[in-house]
Amino acid sequence: MLKPLTILAALAVAASALAGAVATAIAGAPQITHFTLSNGLEVVVIPDHRAPVVTHMLWYKVGSADETAGKSGLAHFLEHLMFKGTDKNPSGRFSQVVATIGGQENAFTSADYTGYFQRVPRDKLKQMMEFEADRMTGLALTDDVVRPELNVVLEEQNMRVANNPAARLGEQMDAALYLNHPYGRPVIGWRHEIEQLDREGALEFYRRFYAPNNAILVVAGDVTADEVRTLAEETYGKIPRFGEIKPRLRPQEPVQQAARTVTLADPRVTQPNVSRYYLVPSSSTARPGESEALDVLAHILGRGANSRLYQKLVEDKNIAVNAGASYDGTAVDNTRFGIYGTPKPGTSLPQLEQAIDAVIADLVENGVTAEELERSKSRMIADAIYANDNQRMMAQWYGASLATGATVDEVRTWPDRVRLVTAEAVQDAARRWLDKQRSVTGYLIKAGRPEEKRS
Amino acid sequence: MNVHASPRRTGTRAVTALVAGIGLWLAAPAAQAMTIERVVSPGGIEAWLVHDSALPLIALEFAARGSADQDPPGKPGVANMAASLLDEGAGPFDAAAFHGRLERKAIELSFRSGRDYLRGTLRTLKDNRDEAFDYLRLALTEPRFDDAAVERTRAQIMSRLQRDTVSPNDIASRTWWATGFPGHPYGQPVNGTIDSLPSITVDDLKSYTRRVLARDGLKIAVVGDIDAETTGMLLDRTFGALPAKAKLTPVAYAVPQGLGRRIVTELDVPQSVVNFGGPGIPRRDPDFMAAYIVNHILGGGSFSSRLYREVREKRGLAYGISGSLIWLDYASLLLGSTATRADATGQTIDLVQQQIRKLGEEGPTEEEFVKAKTYLKGSFALGLDTSNRIASQLVQMQLDNLGIDYIERRPALIDAVTLDDAKRVAKRLLDSGLLITVVGRPGGVSPTQGGVAASPSPAAKPGQAPASHE
């Protein structure tokens, strides 16, 4: 019962897997409708009539990368506080209603967006919209509820990061990858800054960013576009547009000129590993076709047992227990392309890293085979069909994409663009973007036995 | 289509027994219902089917009785390793060829082991249906256990076990089960240990699959764009070559031991992980549904549980806290967990025990009792959000012997529980005392017994506060 379950950085990864996952230009795919209310609220409707259920999601185009420097964690803290009630619906009434009908609810924060959702019987949709619209502007906070919630967030940080050496290394790697951009800050925040967050700061952030013209409503399920339009106008439609939502102009990265390395040593590391992030374009910043090529590249290089890294390092050379790659395409600004390897006993991290580099160099030099390309593309396109089986996944993918600057058409035609990716485009993407000067490599190692302290 | 009332029927052609059409979506009447059919193949293999052609895909889930509970004493991890290897090469295909074929057709096939059941999942596009079922057949009937695949898998599990030895969550859980079920298969970790894994041989793996993978222990569910007749045919083709009967080692019914004990394992982490639990109520017990309601009120899955409210909402002591009823074939449990900062660990454990005792003594209030019932009635259908999840639930209903009309009957079963039942069962469920395991450097916790320091760092000072009452 981890609620509000904050997906945080993990969502970025999930969204990227989905980015490979969804499309509607496929037989049997739903007809997606998209419109904008007069107050600027964008609305996406994804029909799924298999069961009388709806998934109602409200996305705000604000995340940790929109925080003021020095207040890291504020977007996520506010997400927690959004469950504390309004004047009209005090202290948890919204959640109680969802619970009473057996509904599901949750919320999540990433670097680029914050989202809230409920899954309920279709006849409760209007009620969810009323509650969600009410807390778009009506949040009421007292220190009595804010202070314990700050402790909850600190426990969340303990659970996700402080207790986990690999997660601590991940934070350090992000901070090293981004020299200037706020993606270098943890979504949950740096602990010393989380500790200083307060009610006034949260409300100020809320008033600045929570508005209909900075939000996207996604409704997936057993509804029609007309029904959603009517209900949305009756609820969200009554909230006035907020005067000024500034464009999301974050400090951008300079030309990166030096490969970085980060080492985290902890006595609790029993299984060392090596990983690397490259700074690469996202679907928002890439040239046409480039983000799709990076998707295919990540698949060929490192998704699953057929991938190059797994085949070469785990199966052929027998020097790793695992190896893979990932790409987070759903982001406003330049994002990460990740690779990782876990050595077998007897293999050192430098040996493994060298072997990983050899796999990459071979791909850059010789490209990918037609068989790899076709296999990977058909697997990725099939994911788009499978995604239709999961209402929440569909809503999440459209929401995350729109919140990071994509259009509904771009989401819908994603499989078509994947089909067009050529072997040359994949090789070009590898050559251009898997450049160590734009990367950080992280080593997770076991620390030596600490000095005995006696008291 | 022939309609029969008898649950199993053998014939020379696909005989489909349509026993019940069940409306799954009772929370919202007036909407279309999903129909669950009982399909019995010509060869006598049964599956529950939801035929839904809205999407061009098919999901299959199955469970075979006999998993980690069948691991030889002192050699845990055999079933888990075997399950991990079923898709690592089968029939004419080595691991790479097998994975390559699955990926080319976007067929998802995986196996996992639990305490009592080996479970499998298949998902395929409709166009690749026959090929997908064929790979499932090969994995079940002709797994190769090639040396390279066995050693690779062994190394992967070992790597995971190495990490687990310093994971507070894993240590807390392993200690709980080892203490709760000494000398019983449930006391052994499902994934094995770093000592047991090296000793597992290919013969162990083959002997396990030969004993367990059989037609009599199977429960199967299929959801998607496939009709009953085709399902029946594919059931025979996929599972028909398995032996008729499994040869399971008998397992004794057990109740958790160590109630009243608190075991602290030192680990140098800022947040302490706490597992707590005691006896539950068996699935077949007439009090089960009342217990399910009581558990929901104590620590179930919504914002409103007592533990959530007291530990998280009011005091900010934890991010997550929950309790669950667990029903296994040979034991039933109430098991919960949370995690909190070192200096608040004693306070949190006291609070959990106090809440459990209070609910046991006083029972739920009328208001929370009513709310819990409406939650539990609504949440069941809302949780069935993908084809595979529906199939999993249909497998579970078969394992629990609930009947194909259970979803239809379930709301009435919940409604039949009275507040007096809930009070009586709260006492029965919550009055036994708890076995508590703690991992970290907890403040304010006096162990009834010290655990083993799991970290090379120096041990923390013993807790200062007095032991809480048991």
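The conversation below takes up a helix crossing, a sheet and a chain contact in this predicted model.

Trainee: Why is H2(A) called oblique to H5(A)?

Mentor: The axes of helix H2 (residues 74-81) of chain A and helix H5 (residues 143-162) of chain A come within 10 Å and cross at roughly 125 degrees. Angles of 65 to 115 degrees count as roughly perpendicular and those over 145 as roughly antiparallel, so H2(A) is oblique to H5(A). The crossing is, moreover, right-handed.

Trainee: How do you know which residues of H2(A) meet H5(A)?

Mentor: Two residues are in contact if their C-beta atoms, placed from the backbone, lie within 7 Å. In H2(A), A:Phe77, A:His80 and A:Leu81 meet residues of H5(A), among them A:Val146 and A:Glu149. The residues of this contact divide into six nonpolar, one polar and one charged.

Trainee: What makes E1 and E4 of chain A edge strands?

Mentor: In the open sheet of six strands, whose order is E1-E2-E6-E3-E5-E4 (chain A), strand E1 (33-36) and strand E4 (104-109) each pair on one side only.

Trainee: How do you know that strand E3 (residues 53-60) of chain A pairs with E5(A)?

Mentor: Two strands pair if there are at least two bridges between them, and eight bridges join E3(A) to E5(A), which run antiparallel. The partner of A:His56 in E5(A), for example, is A:Gln118.

Trainee: Which element gives the most to the side of chain A that touches chain B?

Mentor: Of chain A, 63 residues are in contact with 63 residues of chain B, and H5(A) gives the most to that side of chain A, with ten residues.

How values were computed: Residues numbered from 1 in each chain as written. Chains lettered and ligands numbered in written order. Predicted model: local features only at pLDDT ≥ 70, side-chain atom pairs only at ≥ 80, totals over all residues. Axes fitted to C-alpha atoms, helices over the stretch in contact; angles between N-to-C directions. Helix = DSSP H or I, 4+ residues; strand = E, 2+ residues; numbered from the N terminus. Parallel < 35°, antiparallel > 145°, perpendicular 65-115°, else oblique. Left-handed = near helix turned anticlockwise from the far one by under 90°. Nonpolar A, V, L, I, M, F, W, Y, C, P; charged D, E, K, R; others polar.
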